[in-house]
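Hello,

Here is the structure you asked to look at. Please open it first, then read the notes below.

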Amino acid sequence: MSKPTDIERVSQNRVVKLFKEELNYTYLGDWEEREGNSNIEEEYLSKYLTRKDYSDAHISKAIFELQQVATNFSDSLYTTNKNVYSKLRNGVNVQVSAGENYDTVKLINWQDPLDNDFYIAEEVTYKGNKTKRPDIVLYINGIAIAVLELKRGIVDIGEGIRQNITNMQDRFIQPFFATNQILFSGNDSEGLRYGTISSPEKFYLSWKEDIEDDSRLLLDKYLIKMCSKERIIELLYDFIVFDAGIKKLPRVHQYFAIKESQNYVKRYEGGIIWHTQGSGKSILMVLLAKWLLEHDPSARILIVTDRDELDIQISDVIRDTGVIGDSAEKPRITSRADLVEKLGATSPRVICALLHKFDPSDLKGEPPLVKGNFYVFVDECHRTQGGDMNRQMKKWLNKKNKVPY
């Protein structure tokens, strides 16, 4: 374990000060010599849950359950991390006494970010198969959710990324990352990169916002952008995707596209999001679909494409990312009759169909009944959106055809 150089110490001191004075995180100290450092700090988590009026029995059982999930590495870090994330996002179901109902203990207040307790500690020594010491660890309610590795300006930012990746290996301190949601690497010359437990070095991303503002170092600027209490809670709740073995965070354009889409939805307006090839349209649709399904109890999603390979790709992503939950129903529509049947059913809440399923041969006929409040995502259908199939789709999904969900 290397100690920070004098130059690195200056940068680290400045970053710690930024978190304390500008982001209002509580500083826990230098934990290099502290014994028993953990990714679940019971003292601080218990303090938060007590403040939320949970009983001692509820707190004890919730922390025990979280620790059990976070230390179960029978499969992989990805699976453990996914299971922990589920507990963080949805809460822990606990039964205080036999025969009593289960209660949900919420570990994080997602609705009111400022109601949570935000902490920062530095030089956090953790003893796994080997002992390692992440530079800075961020905690929400005592749960380690982010690690930041800092390097001096003349050292490639990739060194910090590789340090994160090395530390996650089983032969080092893999268990510490069971609760981790964001991995950061930064220096004063290149700024900040971020990724997840699944990100290889080349897929660590840069955040870009208020580009014209050059009043401070990029590292500081983007730590403030990404780690403000409101922003980091939003990123963790609305923008994390587990996609068939790969944990993903949004690219900056996906984040702002979702934010603007949410505004359009709230105004009951449609809109267009322009994308280039390979820019992440499928994941953007997953993120927006997840948000819609959670914010509108009657929401259903129809994803329309005009090519078979696109239809297969998107339906696979919808299934693999768990947007439709554990439902055995496949989102892909196989025929026009299947489309009519699914539109009139209550599930699945997300369906994928080729535009050609809206056969215009009976354009003057009666449309089928539709259950639910449908939001339609149209992907690359510009070649077929101007004719009768378009008119048929609009006619079928007219709100007049809607029946109670």
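**Helix H2**

In helix H2, which spans residues 42-51, the buried residues include Tyr 44, Leu 45, Tyr 48 and Leu 49. These residues lie on the same side of H2, because they cover an arc of only 130° around the axis. An α-helix has 3.6 residues a turn, so residues three or four places apart point the same way. Keep in mind that this is a predicted model.

What does the face of H2 turned away from its buried side carry? That face has the exposed residues Glu 43 and Lys 47. The buried residues of H2 pack against strand S1 (26-30), helix H3 (56-70), strand S3 (103-105), strand S4 (118-122) and strand S8 (143-151). Just after H2 comes Asp 53, with a positive phi of about 70°.

**Helix H12**

Helix H12 covers residues 388-396, and its buried residues are Met 389, Asn 390, Gln 392, Met 393 and Trp 396. They are on the same side of H12, because their arc around the axis is only 160°. Which elements do the buried residues of H12 pack against? They pack against strand S13 (299-305), helix H11 (336-343), strand S15 (370-371) and strand S16 (373-379).

**Cysteines**

A disulfide is a covalent bond between the sulfur atoms of two cysteines. With a cut-off of 2.5 Å between cysteine sulfur atoms, the count comes to zero disulfides. Are Cys 227 and Cys 352 buried or exposed? Cys 227 is buried, with a relative accessible area of 0%. Cys 352 is buried too, with a relative accessible area of 0%.

Regards

How values were computed: Residues are numbered from 1 along each chain as its sequence is written. This is a predicted model: local features need pLDDT of at least 70, side-chain atom pairs count only at pLDDT 80 or more; totals for chains, interfaces and linings use all residues. Side-chain values use heavy atoms; hydrogens and water are left out. Buried means under 20% relative accessible area, exposed over 50%, partly exposed in between (1.4 Å probe, protein chains only). Helices (H or I, at least four residues) and strands (E, at least two) are DSSP runs, numbered from the N terminus. The arc is that of the directions from the helix axis to the C-beta atoms. Contact means heavy atoms within 4.5 Å.
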